[in-house]
Amino acid sequence: MRIATWNVNSVRLRLDNTLAWLKERQPDIVCLQEIKCQDEQFPREAFEAAGYNVAVHGQKGFNGVAVLSRLPFDEVTTGLPGDDEDVQSRFIEVVVSAPEGAVRVCGIYLPNGNPVGTEKYPYKLGWMARLKDHVAARLTLEEPLVVCGDYNVIPEAEDAANPQAWVNDALFLPQTRAAFRELLNLGLTNALRASTDEAGLYSFWDYQAGAWQRNNGILIDHLLLSPQAADRLKAVGIDKHVRGWEKPSDHVPVWADLAVGV
DNA sequence: ATGGTTGCTGTGCAA
């Protein structure tokens, strides 16, 4: 089963790119972030015609997450538990049944947190604490679980082309990186880092200042695996070439193959 | 080099 994550930065503007990439990469499950539309504006029919079931947790203008799945959904839940006041659409969780058993997938759009010094940074850290609590609870199920999405976290210096440019940024502050490590320390495996320690692997290049042309990227889109998923990990990839397409997102897809189901 | 670009919205905000 191939599970992917991609921050598309507007699913409506990126529909052609997304359909072209689905055809090329043939993922079974895709978590989309920053769809930037309400549920009823999501181009559901186009994805259904491509062979996918659709689950959407949208929001007007900003944020918004969705999951595409070739297999039908056994469960869909939206919203990260732990704060009833949080109205931002950043979390969706699905369960699908593969022949060998259920696979649970959480699609996340973790808050950016900038500018540091505003309420945005504590919101990010609070969201990460809530995610940790939720993942800890899910891990007790002892099933294959993938928590993937735009984490807005640069875990290590080698995950940025120019780490010094990020030292005061919410994506790379020590507290941010510590919270990400706390998540890993629950027993999750970073799929990409389970297969390579290579530097220079990025998933985001800013639209500004020729970041793509200079390969000034950062790695902030991650797939974290429960032990039962990590045991079945077969391959991981980053579809960097998609950043060079016409009208690209500033993020590219990241995917992992698990030896479960199709 | 404290800029630069993109998307949605509303003529600014978020990233």
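View 1. A residue counts as near a strand when one of its heavy atoms lies within 4 Å of it. Let us start with that idea, in what is a predicted model. Of the DNA strand B atoms within 4 Å of the protein, 68% belong to sugar or phosphate, and the rest belong to bases. Around DNA strand B there are 17 residues, and the closest are S10, L13, R14, Y207 and Q208.

View 2. Which part of DNA strand B does a polar side-chain atom of S10 approach? It lies 2.3 Å from a phosphate oxygen. R90 also has a polar side-chain atom beside a phosphate oxygen of DNA strand B, here at 3.3 Å. For Q208, look instead for a base nitrogen of DNA strand B, which lies 2.9 Å from a polar side-chain atom of this residue.

**View 3. The open sheet with strand order 3-4-2-1-14-13.** Six strands make up this open sheet, and their pairing is mixed. Strand 3 (53–57) and strand 13 (233–238) each have a single partner strand, so one side of each is left without a neighbour in the sheet. On average, neighbouring strands here are turned by 15 degrees against each other, direction ignored. Follow strand 3 to strand 4 (residues 65–69): the two pair in the antiparallel sense over five bridges. One place to look is N53, whose bridge partner in strand 4 is S69. Helix 1 lies across strand 1, strand 2, strand 4 and strand 14 (254–258), and runs at about 160 degrees to strand 1.

**View 4. R2 and its surroundings.** R2 is found in strand 1. Its side chain makes a polar contact, at 2.7 Å, with the side chain of D257. Leaving aside residues up to four places away in sequence, R2 touches R25, Q26, P27, D28, I29, W255, A256 and D257.

**View 5. The open sheet with strand order 5-6-7-8-12-9.** This open sheet has six strands with mixed pairing. Strand 5 (73–78) and strand 9 (189–190) are its edge strands, and each pairs on one side only. Strand 9 meets strand 12 (residues 221–225) in an antiparallel pairing over two bridges. In that pairing, the bridge partner of N190 is L224 of strand 12. Helix 3 packs on the sheet and touches strand 6 (91–98), strand 7 and strand 8 (145–150), with its direction at about 20 degrees to that of strand 6. Helix 4 (residues 174–184) packs on the sheet too, touching strand 9 and strand 12, and its direction makes about 30 degrees with that of strand 12.

**View 6. Three loops with backbone details to spot.** In the loop between strand 1 (2–7) and helix 1 (15–25) you will find N9. N9 is not a glycine, but its phi is positive, near 50 degrees. Is N9 buried or exposed? Its relative accessibility is 12%, so N9 counts as buried. E34 sits in the loop between strand 2 (29–33) and helix 2 (44–49). E34 is not a glycine either, and its phi is a positive value of about 50 degrees. E34 counts as buried because its relative accessibility is 14%. Finally, go to the loop between strand 7 (101–109) and helix 3 (120–139), where P115 lies. The peptide bond from N114 to P115 is cis, with omega near -5 degrees.

Notes: Residues are numbered from 1 along each chain as its sequence is written. Chains are lettered from A and ligands numbered from 1 in the order in which they are written. This is a predicted model: local features need pLDDT of at least 70, side-chain atom pairs count only at pLDDT 80 or more; totals for chains, interfaces and linings use all residues. Side-chain values use heavy atoms; hydrogens and water are left out. A polar contact is a pair of N or O atoms within 3.5 Å; within protein, one must be able to donate a hydrogen and the other to accept it, and residues adjacent in sequence count only if both atoms are side-chain atoms. Helices (H or I, at least four residues) and strands (E, at least two) are DSSP runs, numbered from the N terminus. Buried means under 20% relative accessible area, exposed over 50%, partly exposed in between (1.4 Å probe, protein chains only). Two strands pair if DSSP finds at least two bridges between them. Contact means heavy atoms within 4.5 Å. Axes are lines fitted to C-alpha atoms, for helices over the stretch in contact, and angles run from 0 to 180 degrees between N-to-C directions.
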